[in-house]
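Visitor: I would like to go through the aromatic rings in this structure. Could you show it to me?

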Amino acid sequence: MDKIQTKIILGDSKEVLKTLHANSIDLIFTSPPYADSRKNTYGGIKPDIYVEWFLPISEQLLRVLKPTGSFILNIKEKADNGERSTYVLELILALRKQGWLWTEEFIWHKKNSYPGKWPNRFRDAWERLLQFNKTRDFKMYQDEVKIPMGDWAKTRLKNLSDTDKRRDNAKNGSGFGKKIANWVGKDLVYPTNVLHLAPETSNKNHSAVFPKELPAWFIKLFTKTGDWVLDPFLGSGTTSVVSKKMLRNSIGIEILDEYYKLAMSNIAETEFTLF
Ligand SMILES: C[S@@+](CC[C@H](N)C(=O)[O-])C[C@H]1O[C@@H](n2cnc3c(N)ncnc32)[C@H](O)[C@@H]1O
């Protein structure tokens, strides 16, 4: 296999992305600045101009992604003045108009979040991972993310009903069907679209680092060794670090020199080891 490349580029994604080859990336995994968050370091883009700010970047993402690739966008709207902001919903609609298919929404449940209380809401303990594609024919390696069957084998599978023994099609016409009896004797099963991961707490040098397991899960699901991963809002370099560990080629783009240098040093410390 060719040598794995980990490229990081200092600059504005809006411009840098124009220099990348069309149809060259297998997975885009990224967490952009959220609207109105972290004004003092980066971002602070107002919710009402967020879509306008994002579209020139996503236009380039659409160009560089392979037709078989996936784009995973980690984002979450804040509550402001007693209401949830709608800019993420508006962004989804605008991306569809731009030519993207909105194929799935995964939820990152932030396990172990400490409790908190606001006058009219509870602690926010989840974020969106929106999946967009160029075609319905995207690559997905579902067997790579199977999980242990767990206690289910000892409880539910011990008492199969008649329905469990035949294929039970969903009543809503979604095409989803299940035959519970198929799982008897199996050790591994497919996960759901909810990921239960604790937030990252160890990185003190960047305020919005996601846990390594987050990109790792999607890299396993959507790429093979030697494929290309892109993060256009690299921050401390988590996506590139994980890509390198997992023997994927990667490109990361970061606008702030301070974080670019941090990402460089995090990548330099990374060994190639499969997760
Ligand atoms: C939410 S943080 C990403 C954190 C990253 N996932 C990690 O684990 O460290 C978003 C990053 O995007 C960078 N950024 C903001 N606007 C950008 C732009 N136009 N081009 C490239 N990077 C940008 C910010 O400086 C910030 O480091």
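Visitor: Are F71 and F132 buried or exposed?
Guide: Both F71 and F132 are buried, meaning under 20% relative accessible area, with exposed over 50% and partly exposed in between (1.4 Å probe, protein chains only). This is a predicted model, in which local features need pLDDT of at least 70, side-chain atom pairs count only at pLDDT 80 or more, and totals for chains, interfaces and linings use all residues. Residues are numbered from 1 along each chain as its sequence is written, and side-chain values use heavy atoms, leaving out hydrogens and water.

Visitor: How many aromatic pairs are there?
Guide: The search of the whole structure finds 17. Rings of Phe, Tyr and Trp (its six-membered ring) pair if their centres lie within 6.5 Å; planes under 30 degrees apart count as stacked, over 60 as edge-to-face and the rest as tilted.

Visitor: Which kind is F54 with F233?
Guide: That pair is stacked, at 6.4 Å centre to centre with 25 degrees between the planes. F54 lies in helix α2 (residues 50-64) and F233 in the loop between β15 (228-231) and α5 (238-245), so the pair ties together parts 179 residues apart in sequence. Helices (H or I, at least four residues) and strands (E, at least two) are DSSP runs, numbered from the N terminus. Both F54 and F233 are buried.

Visitor: What about F71 and F132?
Guide: They form a tilted pair, 5.8 Å centre to centre and 35 degrees between the planes.

Visitor: New topic: which ring does the charged end of K76 sit over?
Guide: The ring of W126, 3.6 Å from its centre. The criterion is NZ of Lys or CZ of Arg within 6 Å of the ring centre and within 35 degrees of the ring normal.
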